[in-house]
Amino acid sequence: MIRTLLATTDGRILPGDEALIERWRREAGSRLWIDLQGEPRETERRLLEQFDSHPLAIDDAHRERHPPKIEEFENHTLIIYRGISSFDAQLNYEPQQMAFFLGEDYLISLHPGRAESIERLFAHDGGPLLRESPEHVALRIMYASAGYYLNSLLEFETEISDLEDELQLAGNDRLMRRIVAYKSRLVKMRRLFNYHKGITQELIAYDYRHLPRENPATLHAINDVFERFERLHSLTQMYYDICGDLVDGYLSISSHQLNTTMRILTVITAIFVPLTFLAGIYGMNFAHMPELAYRYGYFIVLVVMLVIGVGLLWVFRRKKWL
């Protein structure tokens, strides 16, 4: 799907398709946003070449799973980042690669599927932002996309709080598998947000021709995007640490329970060792054992064994081993 927005010099916002490109070329001072959703690569390449896009930039935009980055060329600036296709409170998310070709008075966005941040701008704020400058549109898309990540991450806080309560009440291997799965997803997200934070740090630190820092509105928009990605990165790091603490806590509880069980088994063994020793001695079949001829020998041995068992039990309780 190819759709366009044209901000004319007289302040009007015109939605349309490829036909608006010719009008944009004829009308100096107008600004154009072209959004390519799920178009074949041949179509995207043909259109990008019409805007004198650099071949290496086109190759990067078409490369699958390209790390997020920003790179300046002679006629445009390329921004590649990971948008969001779906995300829920269990951190099940499907990112999609998005690319921006940002020129002096145009923006071309490429993405394979539906992007909520772009849909929202096309429906509401895209026109006024395009009237200001194309870079405002690109920055707002990134800002809105980060907002979807942020909302789901904040919902995950409730999930992880419930997990913590469940682990304290009845920890088991099923809960541990869920926590480990969350840790794995958080590692991937942390790496992704670190890339995005690096992009916005570059925008703050260096002057890009098509993202001028001397424009206060542009610098403010860049700072907003940076702060949002920085918060996403810090949240994923915090949740990762919490999940790690939950794993360590569960292992500590399991280890303590195992130690308690082993201590009880050791106490039981310690009590029965002397009793087994006595039983072993008097279980030997020798003819000249003096106690065998004694009438009350059996009962005396039983009493001795009982005294030994009770005495050891008292000692272990006194030492609080039981």
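This is a predicted model: local features need pLDDT of at least 70, side-chain atom pairs count only at pLDDT 80 or more; totals for chains, interfaces and linings use all residues.

Author: The largest nonpolar core has 54 residues, and the members that touch the most others are Trp33, Phe100, Val137, Ile141, Leu153, Leu211 and Leu232. Strands S1 (2–7), S5 (77–87) and S6 (93–102) each give two or more residues to this core, and so do helices H4 (116–132), H5 (134–170), H6 (173–205) and H7 (216–282). H5 puts in the largest share, with 13 residues.

Take Ile141 as a way in. Leaving aside residues up to four places away in sequence, Ile141 touches Trp33, Tyr81, Met98, Phe100, Ser117, Ile118 and Leu121. Apart from this core there's another one, made of 23 residues, including Leu14, Trp24, Ile58 and Leu78.

Now for strand S3, which covers residues 31–37. Six of its seven residues are buried, so S3 is largely enclosed by the rest of the structure. S3 also has pairing partners. With S1 it pairs in the antiparallel sense over six bridges, and Leu6 stands opposite Leu32 of S3. Strand S7 (residues 106–111) runs parallel to S3, and six bridges join the two; there, Asp35 stands opposite Ser109 of S7.

Tyr294, Tyr296, Tyr298, Phe299, Ile300, Leu302 and Val304 make a nonpolar patch of about 740 Å². One of them, Leu302, is found in helix H9 (residues 297–318), and it counts as partly exposed because its relative accessibility is 39%.

Terms used:
Residues are numbered from 1 along each chain as its sequence is written. Side-chain values use heavy atoms; hydrogens and water are left out. Patches are made of residues with over 30% relative accessible area and no salt bridge: like charges are joined within 9 Å, nonpolar side chains (Val, Leu, Ile, Met, Phe, Trp, Tyr) within 5 Å. Accessible areas come from the Shrake-Rupley method with a 1.4 Å probe; for residues, only the protein chains shown count as cover. A salt bridge is a side-chain nitrogen of Lys or Arg within 4 Å of a carboxyl oxygen of Asp or Glu. Helices (H or I, at least four residues) and strands (E, at least two) are DSSP runs, numbered from the N terminus. Buried means under 20% relative accessible area, exposed over 50%, partly exposed in between (1.4 Å probe, protein chains only). A nonpolar core is a set of buried Ala, Val, Leu, Ile, Met, Phe, Trp, Tyr and Cys residues joined through side-chain atoms within 4.5 Å. Contact means heavy atoms within 4.5 Å. Two strands pair if DSSP finds at least two bridges between them.
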